[in-house]
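Good morning, and thank you for joining.

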Amino acid sequence: MDGEGNGGSALGCRNDFPECIIGFISGTGRVKMSNRSHRNSGYKTMNAMNRDSKNHSSIQGLLIDAPAITHHVAAVADCRDLLSEIPDNSVQLVVCDPPYNIMMANWDSHEDYIGWASDWLREAERVLSPTGNIAIFGGLQYQGEAGGGDLLSIIHHMRCSSDMLLVNLIIWNYPNGVSARRFFANRHEEIAWFAKTKKYYFDLDSVREPYDEKTKETYRKDKRLNPCTIEKGRNPTNVWRFGRLNGNAGERVGHPTQKPRSVIQRLVRSLSYPGSTVVDFFGGSGITTRVAIEERRHSICCDSDRSFPGYVSEHIRKMESSDMFEPLPEFEMQNQLYEAHPVFPSGQLRDSKQWEAA
Ligand SMILES: C[S@@+](CC[C@H](N)C(=O)[O-])C[C@H]1O[C@@H](n2cnc3c(N)ncnc32)[C@H](O)[C@@H]1O
């Protein structure tokens, strides 16, 4: 077992057991070759802390508290203009879904993709706090369709030119997509999660997948398993299965490449904390703004497309008419960065210029 209750949700065949149990049951007795990662001292320490309900050092000193009111910016702006207004080390999470460079819209083609991306990647690193994370969406098989450049180029660039750490390459696997004849039909997109430092914030418990009752009952009988982890559920792993939004999906607001709320929610819950600031400078449909409001994070989002504020309003309308929140968490929304936004520790705006889309 990986110490996180990371087994299958239904028993029946041996592969459904947590890894540590497989270690004991394979062959006739103890296994000869155990998983070396489980002997790792850092891993053992994390397990002991988990057992004793101690917090990882990355959350010591953080003010983790759901504020009574959250502050949000939804601006029409170029990503680099928005970023230039944000102070150093002030943001917990950047949700980043950049143009794919496959000419699917007028914003989706860059001759020098990495030359352009390196500007906002550098700025994103600057604004992230030491516990901060960035989640970058993209694909690996688009090379050559526009000017070249894709998520693989971004990862390579980050490895060569940035101090950030690649924590996970998340595979977002979706069951629905277009068919193909000359290659295997694509059913995944990647999310590269980079952390600014080793002290990155990560709340696994907030995104665990609960075991069903039958599985819990079986696991509870095994004294080697941590009862607390069994109750909390399994680590959702780095392969996420969520459907893409169909054309008529209820959460759609009109943007062509809108990401599902469930995917953004998992990122926001696990990589940021209530009261911290989430930034999305390729805001698209405004789904990150919506999730930030729901999850009581502050947010700063923009898009160069003038439809952006309309999409955000549509999300708010949908939230207000949803029965999920009683009442909807209180929030303030503006179309430019403002003095009272918590991203400014001193409450002082560095430059109050109004952005204009490029
Ligand atoms: C892939 S879409 C983002 C979709 C978004 N994640 C969602 O789920 O709704 C990329 C967005 O980046 C915006 N964009 C392109 N170039 C930009 C720039 N230089 N600054 C700000 N936004 C830009 C496009 O208008 C487009 O809406």
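Predicted model: local features only at pLDDT ≥ 70, side-chain atom pairs only at ≥ 80, totals over all residues.

Contact here means that the C-beta atoms of two residues, placed from the backbone, lie within 7 Å. Helices (H or I, at least four residues) and strands (E, at least two) are DSSP runs, numbered from the N terminus. A residue is buried if 20 or more other C-beta atoms lie within 10 Å of its own, exposed if 12 or fewer, and partly exposed in between, with C-beta atoms placed from the backbone.

Residues are numbered from 1 along each chain as its sequence is written.

Returning to α8, which spans residues 261-271: eight of its 11 residues are buried, so the helix is largely enclosed by the rest of the structure. Those buried residues are R261, V263, I264, R266, L267, V268, S270 and L271. The helix lies across β2, β3, β4, β6 and β7, and runs at about 160° to β2. For such angles, axes are lines fitted to C-alpha atoms, for helices over the stretch in contact, and the angle runs from 0 to 180 degrees between N-to-C directions.

Helix α9, residues 287-294, is mostly covered, with eight of its eight residues buried. Among them are I287, R290 and E294. Just after α9, R296 takes a positive phi of about 60°.

**The sheet**

How are the strands ordered? Nine strands form an open sheet in the order β6-β4-β5-β3-β2-β7-β8-β1-β9, with mixed pairing. Its edge strands are β6 and β9, each of which pairs on one side only. Neighbouring strands are turned against each other by 20° on average, direction ignored. Two strands count as paired if DSSP finds at least two bridges between them.

Let us look at β2, residues 91-96. Six of the six residues of β2 are buried, so this strand is largely enclosed by the rest of the structure. Strand β2 pairs with β3 in the parallel sense over five bridges, and with β7 in the parallel sense over two bridges. V94 stands opposite I134 in β3 and opposite V279 in β7.

Strand β1, residues 69-76, is mostly covered too, with seven of its eight residues buried. Five bridges join β1 to β9, and the two run parallel; T70 has F331 as its bridge partner in β9. Another five bridges join β1 to β8, again in parallel, and A74 stands opposite C301 in β8.

**The core and the ligand**

In soluble globular proteins, nonpolar side chains tend to be buried together. In this model, the largest nonpolar core has 61 residues, and those with the most contacts inside it are V94, C96, A135, I136 and V279. By nonpolar core I mean a set of buried Ala, Val, Leu, Ile, Met, Phe, Trp, Tyr and Cys residues joined through C-beta atoms within 7 Å. Leaving aside residues up to four places away in sequence, V279 touches I86, V91, V94, V127, I300 and C301.

Which residues come nearest to the ligand? Of the 18 residues around the ligand, these are D97, K259, F282, G284 and S285; a residue is near if its C-beta atom, placed from the backbone, lies within 6 Å. By class, this shell has seven nonpolar, six polar and five charged residues. Ala, Val, Leu, Ile, Met, Phe, Trp, Tyr, Cys and Pro count as nonpolar, Asp, Glu, Lys and Arg as charged, and the others, Gly among them, as polar.

C79 lies in helix α3, residues 79-84. Why is C79 called buried? Because 24 other C-beta atoms lie within 10 Å of C79. The C-alpha atoms of C79 and F281, 202 residues apart along the chain, are separated by 5.1 Å.

**The chain as a whole**

The protein chain has 10 helices and nine strands. Of its 358 residues, 35% count as buried.
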